Structures are given as C-alpha cells and as structure tokens.
Amino acid sequence: MDFTNPLVYGVPVFIAFILLELTYSKTHDHDHNHDLYNWKDLAASGFMGIGSAILGPLFKVAFAILLFEGTYELFNPVVDGVRTNIMGYESFGYAWYVWILCQLGDDFTYYWFHRANHEVRILWAAHIVHHSSDNFNLGTAIRNGWFTILYKPFFYMWLPAIGFPPEMVVVCLGIEALWQFQLHTVYVPKLGFLEKIFNTHTMHQVHHAQNVEYLDKNHGGFLNIFDKMFGTWKELDDDIDVKYGVIHAPNSYNPMVILTHEFKDIWNDVKKSKKLSHKLMYIFGPPGWSHDGSTLTVKQQQRLFKKHKEASPELAYQRPN
C-alpha cells in the first residue's frame, strides 16, 4: 500500500498556526506572553525549520529505501508467497489494530530516542538546538537540529524488523511529529482527565524549562505512560516561575552558531583532556559531566538541589553550573 507522510500536509498548517499564535500574542495582553515571540529568535527558528524541511525529505527518502525497506526485506522474506518474519509468524498487515500497535511502538521508541538525546552528550549537541530558545511558542516547535536526521531512523529499525510495513512506520513518525508541534504553546491549560494519559502542553512546558527540578523530564511523544514507568514524569507546578531554554545557551541568533555551538564545546573539552576515558566521557557521557567536578550533570544538580531545599527551603537555589 502507498501512503503519504502526513507532514506533507502539516507544513502549511504549521505556518498558519505560528502566524495565528503570533498575532494573538501581540494583540492580547496576558501576563505570560509579553515576550512570547522575539523577531530575531523567530527568524532563527524559521531558518532552521526551513533547513529541516529541505534536508529531511532527502535523508528520509534514503533511509526509507535503504534502512527501513532493507530491514523489512531482510527480516521478513517472502516464503511460499507469504511475507513471513524470521521468527516464524506472518508479517503484519494493515488492519486497524496493527496501526494502533505501530503507533504505540513508535511512541515507545520516541521516548527512548528523546531521552537519549538528553542523556548522551554527542546526541544532546544535536538536540540542544530545539531547546536553545528562551521562548516557548509554536515557532520554537520548528527549531530542529539538522544532525538528528542522520541518526534518528536507526532507533526505529526494530519496527520494520519485527514485521511492521516500512510505510506504516513512516506515517506513524509523521503523526508523532504533528502531535509534538502543537504541544509548544502556553495557551492550552491543563486538560483534566487527559493529563493522566497524554503528554500535554503543560507537561511539555516542563520539558522545555531550565529550572533544576524540571530538567530532563517528560520525554514522551503523545503518551506520558513511559515517563511514568521509567521515572522521568513531572507535572507543571503553578507556583514555580518557569524559565525556558538551556543552562548553557548559545547567546546568538546566528543559525550556524545555534546548530554547532555544543559540538564546539565538546571538541574543546576533548582537547583539554589528557586521559582517553575522560575524552570518551565528554563525548558519550551525560551533558555536564566533568572529570574534576567543575560542572555537574542533571542528576548531580538535582541531588544538590534536593539537599539544598531540605536544608534551607526558604532560600533561592543558585545553580552551580
């Protein structure tokens, strides 16, 4: 069966909703949206979004043909006229419940792909682009790093390997991306019962915050079940003044600086390291790791934050990094 990636139709919708939110933010006086959009910041996000829209299809087509199709054919050969998985069962078809299972498989994969982007520094160098804006809006949603395109499909290879048709996997990836886009707005409040199941707008505000207690939380796609299962879920606390962005911001609106600044920092850390183990940790260890303790990982910061709050709950916490 032939399917069209839903992102083909999503691009004009993205532009329309960004313009709608931008207009609304400039014409309505709400306490939280005075600086919802910054023109230079939006231009940088737009440039990177356009780059992703151009590079994405080129690499995705190549991956769909060479990676997903190749994996599917290798693990699901045709035996006596029937496509059969190497584990002995008939490969999946296009029944409605197979679509649901594939979407769940996609969401499970997205969780671990997204979490890895936050916990492995070389992957964080590619993903930090998306978090580098200190504004949380639909414009930020299209601020995507170009390098993630190169390795993201490898996380999803297991889906065609176990029998899901490659085109089904691609469509599910597109649906996930559409859901992720619309999460980037402050105008949708908590959604009651839906908060128990879905990854919502307020949960994604937590994910984009640089407040210590919010770091590395809510990695889910459209469900929050995997965050709750694996200990990374956190609800938005209305009493906390959210600060968006990253701890070590690029402090630039130049797209090339935004795209590459963390790779440059990794290179500088590797060059100053004398031990091979330290060099490898600066590349593959968690962001913030240092051999001398001069900078701290998220988990180290959060342990220190907890200790500080227990000792002096009335004082403001000063981040050590």
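Helix α11 (residues 255–272) and helix α12 (residues 276–284) have axes that come within 8 Å and cross at roughly 170 degrees. Axes here are lines fitted to C-alpha atoms, for helices over the stretch in contact, with angles from 0 to 180 degrees between N-to-C directions. Helices are DSSP runs of H or I, at least four residues, numbered from the N terminus. The crossing makes α11 roughly antiparallel to α12, a term for angles over 145 degrees.

This is a predicted model: local features need pLDDT of at least 70, side-chain atom pairs count only at pLDDT 80 or more, and totals for chains, interfaces and linings use all residues. Residues are numbered from 1 along each chain as its sequence is written, and side-chain values use heavy atoms, leaving out hydrogens and water.

Which residues meet? Ile266, Asp269, Val270, Lys271 and Lys272 in α11 contact Lys279, Tyr282 and Ile283 in α12. Contact means heavy atoms within 4.5 Å.

Now the cysteines. The structure holds zero disulfides, a disulfide being a pair of cysteine sulfur atoms within 2.5 Å. For Cys102, the nearest cysteine sulfur is that of Cys172, 3.6 Å away. Cys102 is buried, at 0% relative accessibility (buried means under 20% relative accessible area, exposed over 50%, with a 1.4 Å probe and protein chains only). Cys172 is also buried, at 0%.

Next, two asparagines. Most residues other than glycine have a negative phi. Asn218 has a positive phi near 60 degrees. Asn218 sits in the loop between α9 (201–207) and α10 (225–229), and is buried at 0%. Asn251 has a positive phi of about 50 degrees. Its loop runs between α10 and α11. Asn251 is exposed, with a relative accessible area of 73%.

Terms used:
Angles under 35 degrees count as roughly parallel, over 145 as roughly antiparallel, 65 to 115 as roughly perpendicular and the rest as oblique.
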